[in-house]
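Dear colleague,

Please find the structure below. I would be grateful if you could read the notes that follow it with the structure open beside you.

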Amino acid sequence: MTDLSKRRLLHWAGITTLAATAALVGCGKKEEPKPTAAAPAASAAAPKPAPLKVAFVYVGPVGDAGWTFAHDQGRKALEAEYGDRIATTFVEKVPEGADAERVIRDLAAQGNKIIFATSFGFMEPMLKVAAEFPDVKFEHATGYKTAPNMRIYDAKFYEDAYLAGVLAGKMTKSNTLGFVASFPIPEVLRNINAYTLGAQSVNPKVKTRVVWVNTWFDPPKESDAAQSLINGGADVLLQNTDSTAVLQTAEKNGKYAFGWDSDMSAVAPKAHLASCVVDWSPYYKKAVKDVMDGSWKTERTVWGVKEGQNSLAKIADFVPEDAKKKVDEVKDGMKAGSFEVFTGPLLDNTGKERLAKGVQADQSWKDKVDFYVKGVEGKIPSGN
Amino acid sequence: MNEIALLVAATLASGTPLALAGLGLLLNEKAGVLNLGAEGIMLVAAIAGFAAAFTTGSDTLAFAAGALAGGLLAAAFGGLVIWLNTNQYATGLAVSLFGYGFSAFVGVGYVGKKLAESSPFEVPLLADIPFLGPALFKHHPMVYLTIALALAIVWFLYRSRAGLVLRAIGEAPESAHALGYRVRWVRLAAVVAGGALCGVAGAFLSVVYAPLWVEGLVAGRGWIALALTTFATWRPLRVLLGAYLFGGVTMLQFALQGAGVNVASQLLAMLPYLATIVVLALISRNPAWIRINMPASLGKPFHPG
């Protein structure tokens with residue numbers, strides 16, 4: 001073997017290794033195969049109609065034990081409900097941006113009839129693809145833009161946060177609560193405010209301290225933020241970041257905290273007061289049914305405790321009875337529709353009135369929350 | 001006062017994984033090999049360490065598993081770049097991507113699992129001193145070992161014969177080869193040692209610091225460690241300083257936010273990067289100093305004969 005050809009061989013060996021690595025990394029896309037899933041063309045001869053193809057686009061890994069995990073539980077519930085009448089696919093870890101558009105277009109082109117995109121940043125890409133595939137139904141979680149074949153759905157996380165606040169107000173000894181917050185958007189501000197209002201409903205002395213981590217997911221950083229809140233005197237923590245780090249930091253320090261998005265009781269048995277869980281399956285079942293019976297129309301759906309989409313699960317045994325009773329009372333009010341978290345008189349933390357006495361907040365008010373309620377310390381970080 | 005002590009304590013803990021990884025990378029860079037795979041190596045080691053701690057309940061075995069996993073992956077990287085002379089930048093990036101995917105793949109079963117509680121460590125007697133006790137003497141032993149390691153690396157690189165050989169190979173591999181030193185094997189040893197230290201850093205994150213496993217747990221700390229070695233101009237004690245500075249400013253900005261200081265959190269979030277770069281750039285501002293310390297053959301392949 002000449003020196004040149006030996007070098008070329010090594011060169012190719014290196015490239016092959018790289019390509020193999022890239023291929024291994026690139027296989028983020030997983031199909032949940034239905035072995036009998038027939039191509040649409042074959043359906044004429046088949047005794048059964050071809051299954052309705054349903055696709056999901058996830059921003060995180062299904063193994064995140066939080067946001068994406070909860071959506072994937074919803075997908076599994078769909079399969080359990082409709083069996084071989086549907087075939088589901090999902091693509092996980094899709095970045096919010098140019099790649100999302102390609103992924104959604106691919107899914108539409110593959111014959112999926114309804115596509116769920118489960119993160120805010122998928123809104124614009126989905127809107128673009130929706131215009132190209134008028135006979136496919138598009139569903140976008142947590143957004144605000146719609147089209148004739150694209151609609152939006154959301155959950156009332158702040159109802160969970162309020163219920164958590166009730167427990168926090170009862171359990172705190174320092175009267176200082178902590179919140180590890182991701183980004184200053186209305187969704188997150190509603191949660192901080194609801195948490196504080198819930199606590200104040202049972203303990204007027206409560207104040208809330210907020211630390212912004214500017215990420216949805218960075219466990220060591222979430223843990224750092226929780227630690228600094230605890231160092232500053234907070235003893236019951238809530239977060240709307242996606243990992244279990246805050247809960248575990250509370251456990252290490254002998255403080256209390258909550259699970260978020262899914263049941264996290266197992267990771268911190270002593271610190272875990274309850275988990276704010278979201279169950280997307282009621283909506284997913286309804287959406288698929290709408291497509292099947294042809295009643296699908298553009299609308300906005302925001303469900304909460306009343307519809308079984310949100311709930312405060314796994315309340316710890318050591319929580320005193322009166323606190324549990326109070327939570328049940330509020331929960332019943334939410335279910336009956338008689339209780340609204342944001343009801344006037346409501347002051348922000350500069351003393352300005354945001355809701356007059358007796359007024360219940362409507363959807364457009366909730367969409368524009370840009371303040372802390374009285375009792376939250378500090379100022380919301382702004383871009384300027 | 002108490003809050004300041006806790007801030008100091010948090011600084012030491014959050015700087016430790018950066019310092020460990022930074023010191024490891026410094027070793028293999030001093031031998032002339034740039035390993036951009038640090039992030040992936042830390043991730044693979046983090047899951048290996050977590051799995052070991054979960055199965056055996058032993059921190060020591062967890063660190064050993066992390067070091068072993070990090071060392072093995074680094075050895076594969078070393079084999080590619082040192083013997084096959086693949087491009088160090090591309091291979092390092094591939095290792096990073098591979099580590100991310102591979103750790104997520106093997107770690108699926110460990111998401112949301114809880115480690116057995118370990119009793120908190122404290123230095124006898126010293127831990128009872130007011131202020132200094134909670135600030136300095138209630139840490140995991142790895143925090144102290146990291147400081148000892150930095151001093152050991154200073155001694156090794158600048159006072160021992162083996163360290164001199166290592167630096168010579170990083171400066172002028174052809175000359176070292178002509179003198180009869182086995183350039184490739186020394187480089188491989190340095191790369192494996194560096195990977196093992198990155199591995200210990202990864203295990204520290206998943207077993208002691210977080211302590212949990214989720215996909216992408218390391219969240220960019222491998223890249224920060226890489227940047228630290230450069231900004232510290234390849235001096236071990238400056239890597240240590242930079243790591244604590246980065247950890248300290250991170251914790252400080254959280255403490256400020258928690259106290260309700262009215263500064264945009266996005267600005268505060270930028271501070272650790274800014275402060276570390278400014279301070280290290282200031283103490284290393286002499287260009288001649290950088291030239292002397294930067295391994296001349298860094299990132300370049302070596303062909304014997």
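Two residues are in contact if their C-beta atoms, placed from the backbone, lie within 7 Å. The contact between the chains takes 40 residues from chain A and 41 residues from chain B. Helix 4 (88-107) of chain B is among the helices that supply at least two residues each to the side touching chain A, and helix 4 gives the most, with seven residues. Helices (H or I, at least four residues) and strands (E, at least two) are DSSP runs, numbered from the N terminus. That side of chain B divides into 27 nonpolar, 11 polar and three charged residues. Here Ala, Val, Leu, Ile, Met, Phe, Trp, Tyr, Cys and Pro count as nonpolar, Asp, Glu, Lys and Arg as charged, and the others, Gly among them, as polar.

This is a predicted model, in which local features need pLDDT of at least 70, side-chain atom pairs count only at pLDDT 80 or more, and totals for chains, interfaces and linings use all residues. Residues are numbered from 1 along each chain as its sequence is written, while chains are lettered from A and ligands numbered from 1 in the order in which they are written.

Most residues other than glycine have a negative phi, and most peptide bonds are trans. Trp234(B), however, has a positive phi near 55 degrees and lies in the loop between helix 10 (221-231) and helix 11 (236-258) of chain B. A cis peptide bond, with omega about 0 degrees, joins Gly344(A) and Pro345(A).

Yours sincerely
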